[in-house]
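Keep the sequence and the model side by side while you read.

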Amino acid sequence: MICIQHATVYTPDAVMADGAVVVVDGRIHTIAPSSQIDVPENVRCIDATGLHLVPGFIDLQLNGAIGLDFTSDPGSIWPVAEFLPQTGVTSFLPTIITAPLTAVAAAQQAISQPPANFAGATPLGLHLEGPFLHPDKKGAHNPAHLQWPTAEKVARWSPENGVRLVTLAPELDGALDVVQQLTERGVVVSAGHSTATLSQATAGFDAGICYGTHLFNAMPPLHHREPGLAGALLADERLTVGLIVDGEHVHPELVKLVWRLVGNGRLTLVTDAMAALGMPPGCYALGDHEVRVDKTTARLPSGTLAGSLLRLDTAVRNLIAYTGCTLADALPTVTRTPADLLGLPHKGRLTPGSDADLVLLTADLQVHTTFIAGKIVYQKE
């Protein structure tokens, strides 16, 4: 049992000045003004004066970090997970990009076997970004590994087998049948790396697609006579969209426009970070590609963007800077909205009974302390 006192507490309904949160057995037990909490003597109290207490962040798209790449080395999920709490991330979807299906099977095996004494962000399941992508919008994916979608290829893809989200191009032959099958199993299906027209995208949404992978990137630009996938994702209120807010993948002015359109619970910030996250400039792996990394971007030798160097806490600060929104406005994009998309009602919110995945932020929104299931897993020196 712990009690975090004197924080500015962000619940789904209000911002509580000088609030307190009591955690029992890894879950939030009580939220109340600090003056109303009577803490027993044997309970550990944490003085959070001057700090913001927010839900832990959830990243739906992360390819690797600290020099490690999930697709080429699925076992690296666990050391990266131990790094992530310093960025405010308490749970995430390790992302496997287009590769032979044996790589997917290896990742399913790896995510099912946490190491002994593991203490880090929780992998909620895999995000399989490919191999059912359109070759004209392959981005940094190896075209040699792209495949047509079939029922047989996805027979073992389910949350029970470690697969939580799948990105595919809905216009491919066989894609809609695969969308229906995955959706029936509880897998979230996303449209991305696609040349889909408005009508093709809508057919995918009708089949069960409910998310859009990194809006604007690896899809045709928005056109006034053919809205395409980007227009469909923005216009259809059934859809949630992911956005890489690093100032490189999407212009800040366009981020501001997207915020006005879907910032009411339909937006998730994602990093799409790759192995260079947390590392100096150099050359790093993304699947079987070598990626050149400078101080701000990761690119293939051709100049194509190949993931990002973005931390999720930085994405939150960027969203606030670009749009002028408040921290309370921005928080759902990395907490409640991704949790709801994945069907996880006990994550992404400060409410009694929810998982005690928590972050203390400083006044300038830097990560100070991260808790997972009520235990401190990161604390700023």
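## Helix 3 and helix 4

Angles under 35 degrees count as roughly parallel. This model is predicted. In it, helix 3 (residues 175-184) and helix 4 (residues 198-207) pack at an angle of about 30°. Their axes are 8 Å apart. Helix 3 and helix 4 are therefore roughly parallel to each other. Their crossing is right-handed.

Which residues of helix 3 and helix 4 meet? Helix 3 brings Leu-176, Val-179, Gln-180 and Thr-183. Helix 4 brings Ala-203, Gly-204 and Ala-207. Sorted by class, this contact has 4 nonpolar, 3 polar and no charged residues.

## Helix 4 and helix 5

Helix 4 also packs with helix 5. The angle is about 45°, and the axes are 8 Å apart. Angles that count as roughly perpendicular run from 65 to 115 degrees. Helix 4 and helix 5 are therefore oblique to each other. Helix 4 passes helix 5 in a right-handed crossing.

From helix 4, the residues in this contact are Leu-198, Ala-201 and Phe-205. They meet Gly-228, Leu-229, Ala-232 and Leu-233 in helix 5. By class, the contact of helix 4 with helix 5 has 6 nonpolar, 1 polar and no charged residues.

## The nonpolar cores

The largest nonpolar core has 91 residues. Seven names stand out for having the most contacts inside it: Phe-57, Phe-92, Trp-157, Leu-215, Leu-243, Leu-269 and Leu-327. Which helix gives the most to this core? Helix 7 (residues 312-323) does, with 6 residues. A second, separate core has 17 residues, including Ala-48, Leu-53, Ala-356 and Phe-371.

Now take Phe-92 from the largest core. Set aside residues up to four places away in sequence. Phe-92 then touches Asp-59, Leu-62, Phe-70, Ile-77, Ala-81 and Leu-84, among others. Its contacts also include Ala-121, Thr-122, Pro-123, Leu-124 and Gly-125.

## His-214

His-214 sits in a loop. That loop lies between strand 14 (211-212) and helix 5 (228-235). Is His-214 buried or exposed? Its relative accessible area is 4%. Buried means under 20%, so His-214 is buried.

What is His-214 in contact with, leaving aside neighbours within four places in sequence? The partners are Gln-61, Glu-129, His-193, Met-219, Gly-242, Ile-244 and Asp-272.

Methods:
Residues numbered from 1 in each chain as written. Predicted model: local features only at pLDDT ≥ 70, side-chain atom pairs only at ≥ 80, totals over all residues. Heavy atoms only, no water. Core = buried A, V, L, I, M, F, W, Y, C linked by side-chain atoms within 4.5 Å. Buried < 20%, exposed > 50% of the residue type's maximum accessible area, 1.4 Å probe, protein only. Helix = DSSP H or I, 4+ residues; strand = E, 2+ residues; numbered from the N terminus. Contact = heavy atoms within 4.5 Å. Axes fitted to C-alpha atoms, helices over the stretch in contact; angles between N-to-C directions. Parallel < 35°, antiparallel > 145°, perpendicular 65-115°, else oblique. Left-handed = near helix turned anticlockwise from the far one by under 90°. Nonpolar A, V, L, I, M, F, W, Y, C, P; charged D, E, K, R; others polar.
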